[in-house]
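Reader: I would like to go through this structure in short steps. Please take my questions in turn.

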Amino acid sequence: MTELEYAPGFFTPRVRQGRIRTRWLLALEYWFLQYRRAWRGSILSTFVFPTLYLASMGLGLGGLVNHHLGTHAAILGNGSYLTFVAPGILSASAMQIGINEASWPVMGAIRWQRSYHAQCATPIRITDVLYGHLAWITLKLFATCLVFVGISAAFRANSLPRALFEIPAATLTGLGFAVPMAALSAHIKNDAAFSTINRLLIVPLFLFSGTFFPLAQLPGSLQVLARFTPLYHGVTLCRALGSGQLMTLTNLGHVAYLATMVAAGVVFARKTYTRRLSR
Amino acid sequence: MTTYQQVLRLTPAMSFSWRRAQHVIEHNVMNYRRNWFYLVSGFFEPLFYLLGIGLGLGRLVGSLSVDGHPVSYATFVAPGLLAAAAMNGAMWDATFNFFFKLKVEKTFETMLATPLSVLDVACGELGWTLIRGAIYSSGFLVVMSIFGYCQSPLAILCLPAAGLISLAFGACGLAATSFMRSWQDLGTVSLAMLPMFLFSGTFYGLTFYPGWLQAIIRLTPLYQGVALLRDLDVGVLTPVMWVHVGYLCLLTLIGFIVVSHRLVRLLTP
Amino acid sequence: MDVLPDVIVEARGLQKFFGEVEAVRGIDFSIQRGEVFGFLGPNGAGKTSTMRMISCMSPRSAGKLLVRGHDPAESGSEIRRGIGLVPQDDALDSEMSVLDNLHIYGRYFDIPRKEIRARAKVLLEFAQLTDRADSKVDNLSGGMRRRLTIARALISRPELVILDEPTTGLDPQARHLVWERLYQLRREGVTLIITTHYMDEAEQLCDRLVVMDRGLIVGAGTPRSLIEKTVAREVVEVRLDDGNYLSLVDRLGDHIDRAEILGDRLCCYGEDGDQILDLILALGIHPASSLVRRATLEDVFLFLTGRSLVD
């Protein structure tokens, strides 16, 4: 065996002292590093796809709607279809990105890459593992919403200074889905559940939560049901903020609804993460 | 490690038998017997789109005309979604599942160690994409007729036409997947499929686009499929349909030839 | 942690349940600073559960446990700062490069990036992975992964390194390379805890070890003392054509300490193997094959776990 060139005492134990204050930030670093090599794959679903929806629905289909209703239809909040649909697509995309980011990556970190397990062998605690990942999802949602609002502005689908308020609102919407989803992903064992959730839950929410048309277009019973969905609250909140209604009681209600989803998700996720990672 | 390529093969790569190809299809059926719910749930996606976009947006869009026939927006969108269902059903198996079997699980190498030939594998896989596409499109067509979105008895011809769409996408999907090296490469499939789904006349006609863009869109297979189904649905028979049919047949043939050659290269080096 | 206690891990009545399943059923052991301590046992003996409790990743169900002088239930995070873990499944990020894996692991310990870079350079050398620094882990062989996992565990200069089956699935050459690296660590005063189901590995590496079976410790000591205490020093293995081992054991009587039938051969234990073989030949029995060897931990294990057919 060849003799190594290292100083004697290289392996002599010297455990670092002093407090580590923000361990979740260290867990967050992992996701940054990981994104550096995987950004190409995710840039499509995060930036390109929402823009395609905006162009196809807002401009193409919007052309038909404007032709039929005119460009200032009362039913669409006295605006064109494009301005109506843009906040809808924004929050619906935030939902989809939230769900995506909290499904495969969470299961991968537990089962395939096992990066959660690697983190748990270090000073990082299970709650830090969770908060680090959620912080990453929040950042990603925020960046995506920011870009989408920018692109919408280029399409003249919103009016800029006030449309900026939609960014935190849509981020919150995405988190409202992501956090409970992360909890669920840590709980389930079979990834087949993801496609079921996507097809039977996310797609209907995407289409029936007022994203593409006002809820008044739905039959009465469905309308009531749709009003209870989290995406409806996200879409309505974004739409209100985008049209300049800022401090209203209804907005507060929407925020409270979404924040409750996040909070409940955190409680649930702490349970499932602990159960999965401390066996 | 043993490689199956060392096994003496008695069946030439390009021999073909229906019976042998059936076994390849059987393998797929067995795979889905455990995941039947995954197979069934795929049926709901186009249905949700039909209800969401067709009905929800119906009153906002008003009525449109197909070849001079005034139709409701839902009736306009339904054949488009039928074509999309035929495309998606075929593509899932032609891309992700095919890649898994080809590169990850090495299913085909195992198959070739038996009397199956490369051509049997290619035909079996293509046959399965057709079956899966047909499951979705026939289910969707039944829903369309219940809701009254089928305007003419000729709509029954949508079934073979949707089958042709599945075949064309299945063959092209298999051919494209045979060139992919990683899961990331497979992501490019959705880069082709989503724009087609959104812009190929599924939700609105092409008049919205500038002339040059219209010309490009007319070249996409989904547009050809949508145009064919929409005409059949309202019961209009035109000579242009033969162009659509011919285009989709040609695409199937090209895709199939490419994937067969690729499989020969990949599996019997 | 100002005063370094001599005992780095101490367990009393340590237990671990998974629902109804009792993986560890009350074990006592204490590990001295600077020694190589082994947990030997078959799959499912409770070794990995014990490792996970020591590395403060899995809470204990009952009993007492002190690691680095603290209770894992209260200060797991603080204790883990001084531990380097080499888990059975590596838990490397297979999509990331070798260097990135080292880097991010160092960051988990909040080590400054500059220090990590300097340390990673030497560790790559140590793991013989310098020319693979930028390859994806996916493209490494099993032996390379193992060495990388060991290097990763060392990035924080731990005083206790826990290796769960460090050489399972490696070819003989790769195993010897890992062993050689572990000796180096021991020389510099790192405490090592190793689980293994390879008897030769335990014999080679461990200063002291415990034998575990079905969640209990069934034997403890240095490898040599375990062998001499439990079985005799030497063994004669014989194969007979007629397979009539029971009558041979009867005829040998008190001349041997113990005998065991293992499949198609008979093992006779005693102080002097050659003497026993001479005795067998003197009885007029001509074995189809015979072998005199020193007793190993394999024999200890067979005896302790009751996986022998007859006495």
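Author: A definition to start: helices are DSSP runs of H or I with at least four residues, numbered from the N terminus. Bear in mind that this is a predicted model.

Reader: In which helix of chain A is Ser93(A) found?

Author: Helix 2 of chain A covers residues 81-101. Ser93(A) is found in that run, so the element asked for is helix 2.

Reader: Is Ser93(A) buried or exposed?

Author: The cut-off for buried is 20 or more other C-beta atoms within 10 Å. Ser93(A) has 27 C-beta neighbours inside 10 Å. Therefore Ser93(A) counts as buried.

Reader: Leaving aside neighbours within four places in sequence, which residues is Ser93(A) in contact with?

Author: Contact here requires C-beta atoms within 7 Å. One partner is Pro50(A). Pro50(A) is 43 residues from Ser93(A) in sequence, yet their C-alpha atoms are 6.3 Å apart in space. With those sequence neighbours left aside, the contacts of Ser93(A) are Pro50(A) and Phe148(A).

Reader: How many helices and strands does chain A have?

Author: Read along the sequence, the pattern of chain A is α-α-α-α-α-α-α-α-α-α-α. The count for chain A is eleven helices and zero strands.

Reader: Which helix of chain A gives the most to the side that touches chain C?

Author: On chain A, 33 residues are in contact with 38 residues of chain C. Helix 1 (23-69) and helix 4 (115-120) of chain A each supply at least two residues of that side. The top contribution is six residues, and it comes from helix 1.

Notes
Residues numbered from 1 in each chain as written. Chains lettered and ligands numbered in written order. Predicted model: local features only at pLDDT ≥ 70, side-chain atom pairs only at ≥ 80, totals over all residues. Contact = placed C-beta atoms within 7 Å. Buried ≥ 20, exposed ≤ 12 C-beta atoms within 10 Å, placed from the backbone.
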